[in-house]
2 protein chains.
Amino acid sequence: MDIDSRVSREEDIIQIYLRPLAARWPGALELRDDCAVITPAPGQDIIVKTDPIRAGIHFFTNDNPDDIAWKALATNVSDLAAKAARPFAYTLALSFPRIPKHDWLSVFAKGLEKAQSAFGCILVGGDTDIECGPLNISVTMFGEIAKGQMLKRGRAKPGDSVFVSGTLGDSSLGLHLRKSNNFRNMFSNYADAALERYLRPVPRLGLRSALRGYARASMDISDGLLKDLQRMCSVSGVGASINARELPLSTAMQHVAKLDFRQAISFIAGSDDYEILCAVPPEDDKNFIAAAHAGCVAVTKIGEFSSDPVVRLLDDSGAHMNWGMDNLYFL
Amino acid sequence: MDIDSRVSREEDIIQIYLRPLAARWPGALELRDDCAVITPAPGQDIIVKTDPIRAGIHFFTNDNPDDIAWKALATNVSDLAAKAARPFAYTLALSFPRIPKHDWLSVFAKGLEKAQSAFGCILVGGDTDIECGPLNISVTMFGEIAKGQMLKRGRAKPGDSVFVSGTLGDSSLGLHLRKSNNFRNMFSNYADAALERYLRPVPRLGLRSALRGYARASMDISDGLLKDLQRMCSVSGVGASINARELPLSTAMQHVAKLDFRQAISFIAGSDDYEILCAVPPEDDKNFIAAAHAGCVAVTKIGEFSSDPVVRLLDDSGAHMNWGMDNLYFL
């Protein structure tokens, strides 16, 4: 087999590259049947998330297929982590713009294998086709959680603390570094870490136990803190006040913030962070932080939910700032 | 709201058109959360099928959105029917080439509602986006069946009867009538029925009980009898001999067969029939036919599985015919 050659039949994509990924799941039927079988554990709900990623939107065509595979699973696992569910299986529908090469598929499949292993899930169903349009990777991810225990986004109450995991804005910064070489030179010391955040987000599975124990509402931040916080507030029927100086920033984002704080806020309002946003009753703040640290995830209280249904960003003096969406690029 | 206008926000597609379809499923959380919750019934396996349909491949851009909605669900329900599973829920990811109009969405949503009602399933998760490329509708369908009872495609044995449901080739005929007006004039009396088969396939849910009772292996015919029978034989490690004159034909296809029998065979080898192909131990032939009729589905024995791993098409004298794949259009 010439590694640089194109696959001769669509079915080879499944047979050579995807079947080994499904080997440990009897219900995958070696990807030889039309359907997959999931036998639920007694007393568990099954949590389902489906989110496609596409070349030109969520990744670049020339990205390393290992990174693309990681991102396809990570973005869906992130949703399950925010719901405090344990991912265990996924289906994969690949739509290629042309017949792919063996070397691309080989690296992609190894990337899936690494991501499966990191997230504890396994391929149970696969489908491929060739069509015009960008490379499209549709993952449906299955998780489980004790019956009735899934965390929802719509239960935040006025007075609850607004917590986020990790640091914010890195993925947007990474994307902009990717697009601009000038920009990249300014950030030579930090560029790799920010790029990594765009390409290989880390779902916060370590936060599940803390969320189950103390959070009232939870969701992942995939479309930017502003938009996702507005969604959580809207469904919960509350508002929130966020303290700009409390927003957790990486070293690279601290550098941006020193140069232009409003630019930093714009990146924070940008997408693809895959951190977790949650509402914690204030009396549980300390317990939540301790439980999160026990799961090796840093969390930061960035503000409070309020009864007034508006999302506000406040500076040190308590004055309103805007989210700077009109000021997205400073180069 | 101007019905001929385009939707102003992507979220309106979910709020106005998809949310009502999810109203009866508490675990859909009104499509306001990131994930859907499925609470499995005790003792049931969950059967999963995901198969996207795309403009230009499975339907035409100017097809009635009511028909497109039907086909998106029917093609996935057909797989579950062949596995003897009961469909109960589905997720839907819609990818539009541009922001759709209210009138299109309104008819599409009513089509989904009719299909839901016909198949007994309900929307539990939805996602939409706008991207370049053809309209893409990705359905993940969930069914249930008693634990361990899912019918597989790989269990056919030499000597088993080869059965198919309904009639074959109509969908290919419908597609060709659609593409050729001349051709259509020749079939004026039958055109509508064949077109209907292409646009609105009917999953054979009525066959589930007969399949559970008597079939050893089963799958739906989505890529044509030849290709799908070859797949069943390959996974089962058997072959099959099919008697050409036993192939069940509609009135329209009988007309084709009279004009050019090889052309009829080409249509039968074409895709999108969504009938069921199954293996039945010969001593159960009569019981299977009776149980199928009790479910209001006609079934026909078209041949036998054999130990010789080849799929043969035989004429009245027992001589081998070819499947006529080199002779796909006779106009």
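Author: Two strands are said to pair if DSSP finds at least two bridges between them. The model shown here is predicted. In it, strand β6 (residues 161-165) of chain B and strand β10 (residues 299-306) of chain B run antiparallel and are joined by 5 bridges.

Reader: With which other strand does β6(B) pair in the antiparallel sense, and over how many bridges?

Author: The partner is strand β9 (residues 275-280) of chain B, with 4 bridges between the two. B:F163 illustrates both pairings: B:C278 stands opposite this residue in β9(B), and B:K301 is its bridge partner in β10(B).

Reader: How many residues of β6(B) are buried?

Author: A residue counts as buried if 20 or more other C-beta atoms lie within 10 Å of its own. In β6(B), 5 of the 5 residues are buried, so the strand is largely enclosed by the rest of the structure. B:S161, B:F163 and B:S165 point one way, B:V162 and B:V164 point the other way, and all are buried.

Reader: How is a whole sheet described, for instance in chain A?

Author: One gives the strand order and the sense of pairing. In chain A, 7 strands form an open sheet with mixed pairing, in the order β7-β9-β6-β10-β8-β11-β12. At the edges stand β7 and β12 (320-321) of chain A, each with a single partner strand, so one side of each has no neighbour in the sheet. A parallel pair is found between strand β8 (residues 239-243) of chain A and strand β11 (residues 311-314) of chain A, over 4 bridges. There, A:S241 has A:R312 in β11(A) as its bridge partner.

Reader: Which helices pack on this sheet?

Author: Helix α8 (residues 225-236) of chain A does, touching β7, β8, β9 (275-280) and β11 of chain A, and its direction makes about 155° with that of β7(A). Helix α11 (residues 285-294) of chain A also packs on the sheet, where it touches β6, β9 and β10 (299-306) of chain A; its direction makes about 145° with that of β10(A).

Reader: How should I read the packing of two helices on each other?

Author: One considers the angle, the distance between the axes and the residues that meet. Helix α4 (residues 170-179) of chain B and helix α6 (residues 191-199) of chain B have axes 7 Å apart and pack at an angle of about 110°. That makes α4(B) roughly perpendicular to α6(B). From α4(B), B:D170, B:S171, B:L173, B:G174, B:L175, B:L177 and B:R178 meet B:A191, B:A194, B:L195, B:R197 and B:Y198 of α6(B). By class, this contact has 7 nonpolar, 2 polar and 3 charged residues.

Reader: How many residues of helix α4 (residues 170-179) of chain A are buried?

Author: There, 8 of the 10 residues are buried, so the helix is largely enclosed by the rest of the structure. Among them are A:L173, A:L175 and A:L177. In helix α6 (residues 191-199) of chain A, the buried residues include A:A194, A:L195 and A:Y198. The buried residues of α6(A) pack against α2, α4 and α9 (251-259) of chain A.

Reader: Which residues touch the most other members of the largest nonpolar core?

Author: In soluble globular proteins, nonpolar side chains tend to be buried together. Here the largest nonpolar core has 221 residues, and A:L73, A:Y90, A:V124, B:L73 and B:Y90 touch the most other members. Leaving out residues up to four places away in sequence, A:Y90 touches several residues, including A:L73, A:V124, A:V139 and A:F142.

Reader: Is A:R155 buried, exposed or partly exposed?

Author: A:R155 is partly exposed, because 16 other C-beta atoms lie within 10 Å. This residue is in the loop between β5 and β6 (161-165) of chain A. Beyond its neighbours within four places in sequence, A:R155 is in contact with A:R216, A:A217 and A:S236.

Reader: Finally, how many residues does each chain bring to the contact between chains A and B?

Author: Chain A brings 42 residues and chain B brings 42 residues. On the side of chain A that touches chain B, β2(A) gives the most, with 9 residues. By class, that side has 19 nonpolar, 8 polar and 15 charged residues. Strand pairing also crosses between the chains: β2(A) and strand β1 (residues 36-38) of chain B run antiparallel, joined by 3 bridges. In this pairing, A:I47 has B:V37 as its bridge partner in β1(B).

Note on methods. Residues are numbered from 1 along each chain as its sequence is written. Chains are lettered from A and ligands numbered from 1 in the order in which they are written. This is a predicted model: local features need pLDDT of at least 70, side-chain atom pairs count only at pLDDT 80 or more; totals for chains, interfaces and linings use all residues. Two residues are in contact if their C-beta atoms, placed from the backbone, lie within 7 Å. Ala, Val, Leu, Ile, Met, Phe, Trp, Tyr, Cys and Pro count as nonpolar, Asp, Glu, Lys and Arg as charged, and the others, Gly among them, as polar. A residue is buried if 20 or more other C-beta atoms lie within 10 Å of its own, exposed if 12 or fewer, and partly exposed in between; C-beta atoms are placed from the backbone. Axes are lines fitted to C-alpha atoms, for helices over the stretch in contact, and angles run from 0 to 180 degrees between N-to-C directions. Angles under 35 degrees count as roughly parallel, over 145 as roughly antiparallel, 65 to 115 as roughly perpendicular and the rest as oblique. A nonpolar core is a set of buried Ala, Val, Leu, Ile, Met, Phe, Trp, Tyr and Cys residues joined through C-beta atoms within 7 Å.
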